[in-house]
Amino acid sequence: MEHSDNTSTDKTILEERVLLQQIAEGSRSGFAILHQRYHPKLYQYILTFTGDASVDAKEILQETFISIWEKRQNLFTIQDFEAYMRKSVKNRILNKLKHQEFQQRLCKAVQDRSQKPVPQVDELM
């Protein structure tokens, strides 16, 4: 029975490698299949980080698939596509969180600065 499971896994890996090669060559239909296959899994994966069905989750997923299409010529070099996609999504989430943290610190700094009295011209001289 174990041999059957390995054969099935090998067939799935081979089918995915063929699909990635087709996409690398510009196949839009292959990309649509890939999108259909991974979109639900990755969306759920993103939600484990974001906690809700926010715009951020949809945006991260969209950016990830756009990046895959733009870099499609290199797809055939990827050994484990699902792991690659998970890592790509996770990196985008971390970058987004860093950006949000930076924006929050910047807003706080602007607020703090705006609450300080502005020096008069006489005080500067």
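**The nonpolar core and the helices around it**

Mentor: The largest nonpolar core has 24 residues, and of these Leu34, Leu75 and Phe81 touch the most other members. A nonpolar core is a set of buried Ala, Val, Leu, Ile, Met, Phe, Trp, Tyr and Cys residues joined through side-chain atoms within 4.5 Å. Buried means under 20% relative accessible area, exposed means over 50%, and partly exposed lies in between (1.4 Å probe, protein chains only). The elements that give two or more residues to this core are α1 (2-24), α2, α3 and α4. Among them, α2 gives the most, with eight residues. In soluble globular proteins, nonpolar side chains tend to be buried together.

The model is a predicted one, in which local features need pLDDT of at least 70 and side-chain atom pairs count only at pLDDT 80 or more, whereas totals for chains, interfaces and linings use all residues. Residues are numbered from 1 along each chain as its sequence is written, and side-chain values use heavy atoms, with hydrogens and water left out. The term pLDDT denotes the predictor's confidence in each residue, from 0 to 100. Its mean over the chain is 82, and 83% of the residues reach 70 or more. Helix α2 (residues 28-50) has the highest mean among the elements, 91, while helix α5 (residues 121-124) has the lowest, 57.

The chain has five helices and zero strands; helices (H or I, at least four residues) and strands (E, at least two) are DSSP runs, numbered from the N terminus. Of the 125 residues in the chain, 26% are buried.

Let us now follow α2. Its buried residues are Gly30, Phe31, Leu34, Tyr38, Leu42, Tyr43, Tyr45, Ile46 and Leu47. An α-helix has 3.6 residues a turn, so residues three or four places apart point the same way. Leaving aside neighbours within four places in sequence, leucine 34 is in contact (heavy atoms within 4.5 Å) with Leu19, Leu20, Ile23, Phe65, Ile68 and Phe81. Isoleucine 33 also belongs to helix α2, but isoleucine 33 is partly exposed, at a relative accessible area of 40%. Its C-alpha atom is separated by 8.4 Å from that of leucine 19, 14 residues away along the chain. Helix α2 has a kink of about 40° at tyrosine 38, shortly before proline 40; the bend at a residue is the angle between axes fitted to the seven residues ending there and the seven starting there. Just after α2, glycine 51 takes a positive phi of about 85°.

Threonine 64, in helix α3 (residues 55-70), is buried, with a relative accessible area of 1%. Not counting residues up to four places away in sequence, threonine 64 touches Met85, Ser88, Val89 and Arg92. Its side chain makes a polar contact with that of arginine 92 at 3.2 Å. A polar contact is a pair of N or O atoms within 3.5 Å; within protein, one must be able to donate a hydrogen and the other to accept it, and residues adjacent in sequence count only if both atoms are side-chain atoms.

Arginine 92 also meets glutamate 63 in a salt bridge (4.0 Å, N to O). Arginine 92 lies in helix α4 and glutamate 63 in helix α3, so this pair ties together parts that are 29 residues apart in sequence. A salt bridge is a side-chain nitrogen of Lys or Arg within 4 Å of a carboxyl oxygen of Asp or Glu. Arginine 92 is partly exposed at 25% relative accessibility, and glutamate 63 is partly exposed at 31%.

Another salt bridge joins the side chains of glutamate 59 and lysine 96 (2.9 Å, N to O). Because glutamate 59 lies in helix α3 and lysine 96 in helix α4 (residues 81-115), the pair ties together parts that are 37 residues apart in sequence. Glutamate 59 is partly exposed, at 29% relative accessible area, whereas lysine 96 is buried, at 18%.
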